[in-house]
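Here is a short briefing on one protein chain. It moves from the whole chain to single residues.

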Amino acid sequence: MVGTVSDETRRREVQGLLLELHGQAKHVLIVGSLVVLALTGLPQKFDSLGLSQWLMDSVGGIETLRLIHRIAAGVLIFAGFYHFASVIAAVLVLKGLTPLQMIPDAKDFRDALQMIQHFLGLRRNRVAFDGPSYFQKADYWVIVWSLGMMGASGLIAL
């Protein structure tokens, strides 16, 4: 039959949509909690500034600001564990290898060296990437490391 969609194709489309929605939810949680952490953390650090005093007074005092900050930190930690669990589920349950592409390998170091050569004019053509590039992987791991350090330092500071 021409024009019919198999059940397997429908299942994969739904699965892809769900994974995309999970990815968007993770981004909203991470970015939203980081914005709230910045807006509530900076006034605590620079409490003598007029803007900081105004913000603390607007939310009901320093204790309320600290509570909001801690809730946002909890959301950030939850988002980190949520991301880790979704990667594990994608690999073990859904048998997808896409998340594993973010692990740097020897090709990434070669690509980075070739790109530097291109930038210096020692190589004519840019590197062609067939998956996540070395700078996308580096960006990902910088974010993972930074969020881990923020969470750990925040828990220690309690």
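For the charge count used below, Lys and Arg are positive and Asp and Glu are negative, while His and the chain ends are left out. On that count, the protein chain has 14 positive and 12 negative charges, and their mean positions lie 6 Å apart. The model is predicted. Its protein chain has 5 helices and 0 strands.

**Confidence**
- Mean pLDDT for the protein chain is 86.
- A value of 70 or more is reached by 91% of the residues.
- Helix H4, residues 106-119, has the highest confidence, with a mean of 93.
- Helix H1, residues 7-45, has the lowest, with a mean of 82.
- Where pLDDT is low, predicted coordinates should not be read in detail.

**Overall form**
- Read from the N terminus, the order of elements is α-α-α-α-α.
- The radius of gyration of the protein chain is 22 Å.
- For a compact globule of 158 residues, the value would be near 15 Å.
- Along the principal axes, the C-alpha atoms fill a box of roughly 65 × 50 × 30 Å.

**Burial, surface and contacts**
- Of the 158 residues in the protein chain, 18% count as buried.
- Take the contacts between residues at least 6 apart in sequence: 57% of them join residues at least 24 apart.

**Lys 95, a loop residue**
- Lys 95 sits in the loop between helix H3 (62-92) and H4.
- The phi angle of Lys 95 is near 60°, a positive value in a residue other than glycine.
- Is Lys 95 buried or exposed?
- Lys 95 counts as exposed because its relative accessibility is 64%, and the cut-off for exposed is over 50%.

**Tyr 134 and its contacts**
- Tyr 134 belongs to helix H5, which covers residues 134-157.
- Which residues does Tyr 134 touch, not counting those up to four places away in sequence?
- They are Asp 108, Asp 111, Ala 112, Met 115 and Phe 129.
- One of these, Asp 111, is 23 residues from Tyr 134 in sequence.
- In space, Tyr 134 and Asp 111 are 7.0 Å apart, C-alpha to C-alpha.

Conventions
Residues are numbered from 1 along each chain as its sequence is written. This is a predicted model: local features need pLDDT of at least 70, side-chain atom pairs count only at pLDDT 80 or more; totals for chains, interfaces and linings use all residues. Side-chain values use heavy atoms; hydrogens and water are left out. Helices (H or I, at least four residues) and strands (E, at least two) are DSSP runs, numbered from the N terminus. The radius of gyration is taken over C-alpha atoms; the globule rule is 2.2 Å times the number of residues to the power 0.38. Buried means under 20% relative accessible area, exposed over 50%, partly exposed in between (1.4 Å probe, protein chains only). Contact means heavy atoms within 4.5 Å. The place of a charge is taken as NZ of Lys, CZ of Arg, CG of Asp or CD of Glu. pLDDT is the predictor's confidence in each residue, from 0 to 100.
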